[in-house]
Amino acid sequence: MVIGGSDGLRIIFFLMLYIQCMGQSLHFKNFQLSDGLPSSYILDLEIGPDGSLWILSQGGQLTKYDGRSFRSFTDLLPNNPSFRSLLAAPSGAIYIGGDSVLVGLSQQKQITLPYDFGQVTDVLDLTDESILVASDQGIYRVNEGSEVQVDFSDSTSINKLLKTSDGTVLAVSDHRVFERQSGGRWHVMLSYPNATYIDLVEDSNGSIWILARDGSLYVLRGQELVPQPDFSDEEIKATILKLGDLGSLLVGTERHGIYVINTIDGITKKLTPDRLGNNRIVDLLYDDWGQGWIATYGGGLIQFNAANYTMYGVDDMNGRGIDKIVENGNSNSVIIYRDGSADLFDGYYFEKIQIPGDRSTRIWDVVQWGSHSLMVTNNGWYREGELLFENVFPDRIWQVIPFNNNQFLVLSDQALYQLMVEDADTLKVDFKKLCSTTHREMILEDQKVHLWSNQGSSVYSMHDSSITTLTRNMEIQQVVKGRRSVYVISRNEGIYEVIINAEGAELKKRNVRENVFVSPLVAAASDKEHLWIMDVQGRLIRMVDSVGRHNDVITHDFTEDLDGVRFLPGVAMSLEKGHVVFGTQEGIFKYTSSGTEVSMAPRLSSVGIFTSSDTTYLSMDESPIVTVDPGDPVQLKFEAVDLQSNDALVYEWSMEKGASEWNSLQQGSLELAGLSPGRHSVSVRVGNSRGNYTSAYSFTLQVPPPWWRRPWVLGLALGIFLIGMYYLYRWRVHRAIHLSQQKAQALETQNELLRLEQSALQLQMNPHFLFNALQSIQHSIVTGEKDSARRDLQRFSKLMRSMLEQSRQKSILLEEEMEGLKLYLETERMLRPDRFDFGIDIDPDLDPSFVKIPPMLIQPFVENAIKHGVSNDRKGLISVSFQPRGHQVSCTVSDNGPGLGKKVSQHKSAGLDVTRSRLKSYFNTDRNDLLTFEERKDGEGKVQGLTVHILVPVLDE
């Protein structure tokens with residue numbers, strides 16, 4: 001961004017507006033005692049962090065102005081009429097210095113600084129939560145918490161402090177200039193015994209300007225002070241220095257008003273003192289609304305509003321000169337200079353346009369082509385810095401206008417051409433000559449090309465390639481395309497409208513009121529609603545751009561303001577409605593009509609919360625949470641600042657976040673009673689009569705609950721509950737363990753009982769079986785069958801040994817069970833010769849030498865098969881088989897007996913019940929499929945036998 005040249009002229013208009021708007025209170029107002037100002041003798045001004053204006057007047061009077069009224073804060077200060085300096089710190093505190101006292105005010109409360117500073121002459125904020133205090137005894141540093149340290153002592157009075165852009169702090173005394181770099185010590189920078197320095201300021205270039213008590217003004221060049229000749233006159237006595245914006249320096253004087261120095265080119269402008277009288281100017285500053293304030297000693301307070309009239313300069317403007325101003329879209333314009341350079345101007349700031357190519361490249365024109373900006377130079381056409389194609393024209397190009405998509409009108413030194421982009425991808429171009437012409441500028445409207453130079457005007461028809469000459473030897477300044485027509489602005493012959501008809505084109509002069517134009521016209525612009533015409537003397541005329549109303553004229557006279565400003569012929573354009581710019585040899589003059597004047601919103605400066613026990617002022621930089629007592633009424637007071645609008649402000653509020661409607665407040669005060677416990681979000685905003693509102697400022701009111709709902713009570717109750725739950729959990733765990741142990745003990749007892757029952761059953765079964773077996777062996781011995789008796793006795797003894805061993809074990813191998821069953825069946829068949837046959841089968845997938853099962857589970861069912869399944873009328877058949885079934889073994893015991901006859905069904909087997917209980921215990925379930933009985937029948941329904949299915953558990957040990 002480049003801003004420079006005659007930028008300081010902007011300040012001229014900012015402070016000189018009252019000259020051209022005599023009696024218009026909109027732009028000029030003088031505050032006196034009748035307006036509430038406590039004294040016309042003002043000593044110092046400050047703009048507070050909240051935007052309000054603080055005024056220190058003679059006699060120690062401290063006043064705050066919020067745009068509507070003056071409010072005195074003198075009663076908060078000690079009685080000391082020697083107060084003469086103000087400082088508004090970013091923290092919001094206001095410091096007032098005087099004789100042996102420095103007082104601070106923060107949130108309408110006094111900050112006590114119990115230290116004898118001597119006569120305080122200046123206060124400087126260091127922005128590190130500390131301030132420097134200058135006095136006739138030296139310099140002091142006041143840290144946070146009001147701790148005071150001596151920073152520098154000197155035998156002469158320190159009159160002014162300054163912190164430069166590089167962090168260096170300067171101080172001026174009666175004869176010397178002191179310097180302290182960041183983190184260093186004070187040392188003498190300059191010493192001039194014949195001068196007494198009272199003020200200093202740094203301009204935008206980093207130069208230091210120093211003011212002496214006799215009104216002499218100097219600028220520091222290295223280690224030398226260079227006097228400014230304009231202030232060597234004894235009658236012009238400077239009193240104060242202030243830095244303006246855009247590179248200007250404001251100098252207040254004793255009786256000669258205000259001088260504005262352009263610190264870039266050294267040009268000095270002086271304000272006529274008619275309104276200021278012979279009053280001494282003691283301070284100059286600007287507020288946040290772009291208004292100027294002048295404090296005088298005897299003439300009160302003067303307010304200016306000149307935001308509509310602005311002068312912009314450019315670095316080295318006098319060496320380049322403006323060639324043209326062209327539109328660049330989005331209310332931006334491009335300033336093209338005679339040396340081929342250019343700047344982008346958005347209506348407020350300049351930005352240097354980088355020229356592509358080598359150093360020989362010069363910009364001829366800038367064209368808006370769709371969403372892109374084309375730069376036409378002597379070396380080629382560029383888009384966004386990229387070369388599209390080299391220049392194909394034989395002579396200099398003055399202007400380019402795009403039309404019909406990929407076609408352009410090109411006006412050069414000798415002819416008007418049509419350029420065609422034949423291939424959008426390869427950007428292949430061709431051109432043809434439309435007509436010969438020496439005109440320098442053109443406008444395209446409805447297939448008509450208006451051509452003109454300062455000596456004449458013509459119209460070329462794109463339809464029939466004809467050209468109509470409108471004027472010759474008429475000094476034309478500009479041709480302007482308005483909303484309804486095209487206007488020709490001549491220098492000395494007025495304004496003409498171009499009338500297009502069937503015969504061609506002609507000029508019709510537009511009459512305006514007499515004496516509107518008092519000097520030759522230089523430039524004009526149209527914002528599609530008005531024509532803005534500037535004459536050479538600086539008179540701006542606004543004409544309504546509509547048929548039949550051209551005599552409606554509003555005049556703004558800048559004759560005195562623009563003294564010495566030289567307007568360029570035909571260099572003007574409109575940025576948007578009500579905003580026009582004109583080119584001058586000193587820079588760019590911009591005018592904003594009063595109808596489009598920028599209006600800013602007020603600023604919320606203070607939020608106070610008042611309860612019966614406390615008063616709290618909130619910080620505007622955060623959204624705090626404020627705790628109020630339950631049931632205590634709360635009063636909220638809001639204050640706002642609007643130095644631009646003097647009318648009443650509108651305060652609005654809403655409760656709870658997300659409220660869709662705003663409620664109005666009377667005088668910025670709100671009372672809230674009966675707030676329920678919890679957090680309540682309050683939002684407030686302030687507006688003025690122009691409809692401008694501040695952003696919503698939100699804070700939270702927190703109402704604690706009753707004591708029984710306080711966090712510590714809830715925490716204690718929660719703690720007790722958790723402890724109770726812990727002990728309840730422990731009790732339930734212990735109880736579960738105890739019940740588990742009891743259940744395990746019961747199971748163990750039950751298993752023991754089952755084992756004892758099994759043993760008892762075996763003992764009950766064994767005597768009967770033993771008697772029969774022994775009787776059979778005895779019979780063999782008696783009959784002399786010794787071999788049979790010996791074989792039966794061996795089989796019987798092996799069976800007895802097997803049964804005894806199994807009765808002492810919890811699990812046996814399946815092959816042991818099969819061997820025991822075989823011995824048992826052979827022994828039973830010995831007792832019943834030729835009565836039954838038997839068979840024992842096992843699935844090949846079962847390994848009987850690996851699988852373990854409970855002992856004596858199958859034998860009872862084999863015994864029942866022999867007892868009930870072997871009938872007397874036919875030979876019995878007993879079969880036992882084993883098959884795998886998951887992790888269990890399925891065993892079936894089959895016979896060919898009568899099945900479940902009545903006699904059999906009425907018999908209750910103790911062994912069967914014990915076996916069923918054992919199975920349920922092993923599987924820990926009441927499943928019915930552990931032991932099932934199935935009668936086998938033939939096709940006629942006759943019973944062929946009984947099959948018992950037993951699901952035998954496989955044991956791990």
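This is a predicted model: local features need pLDDT of at least 70, side-chain atom pairs count only at pLDDT 80 or more; totals for chains, interfaces and linings use all residues.
## A tour by selection

R68 is partly exposed, with 28% relative accessible area. D66 is buried, because its relative accessible area is 17% and the cut-off for buried is under 20%. Side chains of opposite charge can pair when their charged atoms come close.

The structure holds 15 salt bridges. Select R141, D151 and R180 next. These residues are linked in a salt-bridge network.

Move to D343 and K352. Their salt bridge has its closest N and O atoms 3.5 Å apart. K352 is partly exposed, at 33%.

Now select D837 and K875. Their side chains meet in a salt bridge, 3.2 Å from N to O. D837 lies in strand β67 (residues 836-842), and K875 lies in the loop between α6 (859-869) and β69 (876-885), so this pair ties together parts that are 38 residues apart in sequence. D837 counts as partly exposed, with 31% relative accessibility. K875 also counts as partly exposed, with 42%.

**A buried strand residue**

Go to V580. Find V580 in strand β55, which covers residues 579-584. Is V580 buried or exposed? V580 counts as buried, because its relative accessibility is 0%.

Show its neighbors. Leaving out residues up to four places away in sequence, V580 touches A525, W532, M573, S574, F589, K590 and Y591. Then pick L531 and draw a C-alpha to C-alpha distance to V580. The distance is 9.8 Å in space, while the two residues are 49 residues apart in sequence.

**Two surface patches**

Select L718, F721, L722, M725, L728 and W731. Together they form a nonpolar patch with about 630 Å² of accessible area. Zoom in on W731, in helix α3 (residues 711-782). W731 counts as exposed, with 52% relative accessibility; the cut-off for exposed is over 50%.

Last stop: select E805, E815, E816, E819 and D847. These residues gather in a surface patch of negative charge. Which helix gives the most to the negative patch? Helix α5 (residues 814-831) does, with three residues. Pick E819, which sits in helix α5. E819 is partly exposed, and its relative accessible area is 39%.

Key: Residues are numbered from 1 along each chain as its sequence is written. Side-chain values use heavy atoms; hydrogens and water are left out. Helices (H or I, at least four residues) and strands (E, at least two) are DSSP runs, numbered from the N terminus. Buried means under 20% relative accessible area, exposed over 50%, partly exposed in between (1.4 Å probe, protein chains only). Contact means heavy atoms within 4.5 Å. Patches are made of residues with over 30% relative accessible area and no salt bridge: like charges are joined within 9 Å, nonpolar side chains (Val, Leu, Ile, Met, Phe, Trp, Tyr) within 5 Å. Accessible areas come from the Shrake-Rupley method with a 1.4 Å probe; for residues, only the protein chains shown count as cover. A salt bridge is a side-chain nitrogen of Lys or Arg within 4 Å of a carboxyl oxygen of Asp or Glu. Lys and Arg count as positive and Asp and Glu as negative; His and the chain ends are not counted. The place of a charge is taken as NZ of Lys, CZ of Arg, CG of Asp or CD of Glu.
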